[in-house]
Amino acid sequence: MSSKKLLNEFTKGIIKENPVLILMVGLCSVLAVSTEVKNAIGMGSAMTFVLLGSNILVSFLRNSIPNKVRIPVFLIIIGSFTTIVDLVMNAYAPAIHKNLGIFIPLIVVNCIIIARAEAFAAKNPVLDSAMDALGIGFGYALVLFVIATIREILGNGTFFGVQLFTGFNPVLIMMLPPGAFITIGLLMAILRSVKK
Amino acid sequence: MTDEVLYGCKVFYAPLSNCSKNMKETVKLGKYLFIICAVAGVTLAVTNYFTTKKIASQKLEVENAALKEVLPVAFCFEVKNNFPKNGYDEKNNIVGYVLKVIANGYSSEISALVGLDRDFEVTGVKILSHNETPGLGSKIAEKSFLSQFIGKFSEKILLKKDAQAGEIDGITSATISSRAITDAIRKNIDEFKKTVK
């Protein structure tokens, strides 16, 4: 029973409560970094790590955090994990860190993370919160991966930096911001019609 | 009269006791925040301690690789924070120079490194950073464009469509970006020549 519940906490983030396509939070970073699959994976894992860390810690402290200062406390926790990711990425994956640029520090203000801390981790046990974080993080990363795949293939003719076709004229708009909006809109439409 | 005094006293004392209660809570919240911040601070300090060295060496490595890329003949480079930098061979003779060029592109500032040998012939160009339109202006960072500069003197570093002497092919539908970087490279070399002579 409880393992089923845990599994449910994980899977709900992928389709039913997908942060990007259903809850529609954290769109800014999705739109911005989904030009290359490599960046998408980097961003997805950074996000999942911060989400996991903050959810576990918030859930662990949930009974001791005074209600009045809970938001500042969440922000300190999230900010610390973000800074750790920022520093570690800068040290060990400098190329991806350079590509993601400002979007790594901006994880601090990403609404997915603060929303999960406030809406889920502050009310649920540690294990459930961890599964919730993994599910939401994976759902976020998956959408990012799909969008980046579509945009990179159509907009640049490459996948993971590898040239796919010769003599292919890339659809430039897919690399530009409108391409991100078009792709994300179509994905939302598809998911909604499938869900019905 | 006595009632008034009494009433006054009540009013006077009531907020005070409230105040000390508020005070207590504020101190409690403050303590909590202090502990959280202290733990976060220590954690970050530790992370920083373990990553600074790596980040610094990484940065240096990237920078050295970039210098080497634009001036392959050099064995090592002048150690200083600003440009131009001299490149030396094994016997410490100057074999060339590396300039930093900043150009105003179509949508961003383009910064690049340009390697020159002692005759001011270009040995290599590398774009360090730019924010030009992806797929159009961003092609200035590609080898097919940048390799055109190699082996050229500043007189010929002009777009073909701008001048007869020009020997640089601009990028289709990214003329502004190509012209910006080409002109900036030429001007920087010309200026640098004066300072060396």
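**Exercise 1. Find the domains of chain B and state how far apart their centres lie.**

Solution. Chain B is assigned domain 1 (1-69) and domain 2 (76-196). Such bounds come from an automatic or database domain assignment. The C-alpha centres of domain 1 of chain B and domain 2 of chain B are 49 Å apart.

A note on the model and its labels. The model is predicted: local features need pLDDT of at least 70, side-chain atom pairs count only at pLDDT 80 or more, and totals for chains, interfaces and linings use all residues. Residues are numbered from 1 along each chain as its sequence is written, while chains are lettered from A and ligands numbered from 1 in the order in which they are written.

**Exercise 2. Work out the strand order of the open sheet in chain B.**

Solution. Step one: the order. The open sheet has 5 strands in the order 1-2-3-4-5, with antiparallel pairing. Strands (E, at least two residues) and helices (H or I, at least four residues) are DSSP runs, numbered from the N terminus. Two strands pair if DSSP finds at least two bridges between them.

Step two: the edges. Strand 1 (76-77) and strand 5 of chain B each pair on one side only.

Step three: the bridges. Strand 3 (residues 94-104) of chain B pairs with strand 4 of chain B over 9 bridges, in the antiparallel sense. Within this pair, B:Lys100 has B:Leu113 of strand 4 as its bridge partner. Strand 4 (residues 109-117) of chain B also runs antiparallel to strand 5 (residues 122-129) of chain B, joined by 6 bridges. Here B:Gly115 has B:Gly124 of strand 5 as its bridge partner.

Step four: the hairpin. Strand 4 and strand 5 of chain B have 4 residues between them, and in this hairpin B:Phe120 takes a positive phi near 65°.

**Exercise 3. Find which helix of chain A gives the most to the side that touches chain B.**

Solution. Start with the totals. 20 residues of chain A are in contact with 19 residues of chain B. Contact means that the C-beta atoms, placed from the backbone, lie within 7 Å. Helix 4 (residues 70-92) of chain A gives the most to this side of chain A, with 10 residues. By class, the side of chain A has 14 nonpolar, 5 polar and 1 charged. Ala, Val, Leu, Ile, Met, Phe, Trp, Tyr, Cys and Pro count as nonpolar, Asp, Glu, Lys and Arg as charged, and the others, Gly among them, as polar.

**Exercise 4. Describe how helix 3 of chain A packs on helix 6 of chain A.**

Solution. Take the geometry. Helix 3 (residues 37-61) and helix 6 (residues 111-121) of chain A pack at about 30°, with axes 10 Å apart. Axes are lines fitted to C-alpha atoms, for helices over the stretch in contact, and angles run from 0 to 180 degrees between N-to-C directions. The two helices of chain A are therefore roughly parallel. Angles under 35 degrees count as roughly parallel, over 145 as roughly antiparallel, 65 to 115 as roughly perpendicular and the rest as oblique.

Now the residues. Helix 3 of chain A contributes residues including A:Val50 and A:Leu51, and helix 6 of chain A contributes residues including A:Ile112 and A:Ile113. This contact has 7 nonpolar, 3 polar and 1 charged residues.

**Exercise 5. Which orientation do helix 7 and helix 8 of chain A have to each other?**

Solution. Helix 7 (residues 126-156) and helix 8 (residues 177-195) of chain A pack at about 130°, with axes 10 Å apart. Helix 7 and helix 8 of chain A are therefore oblique to each other.

Terms used: Contact = placed C-beta atoms within 7 Å.
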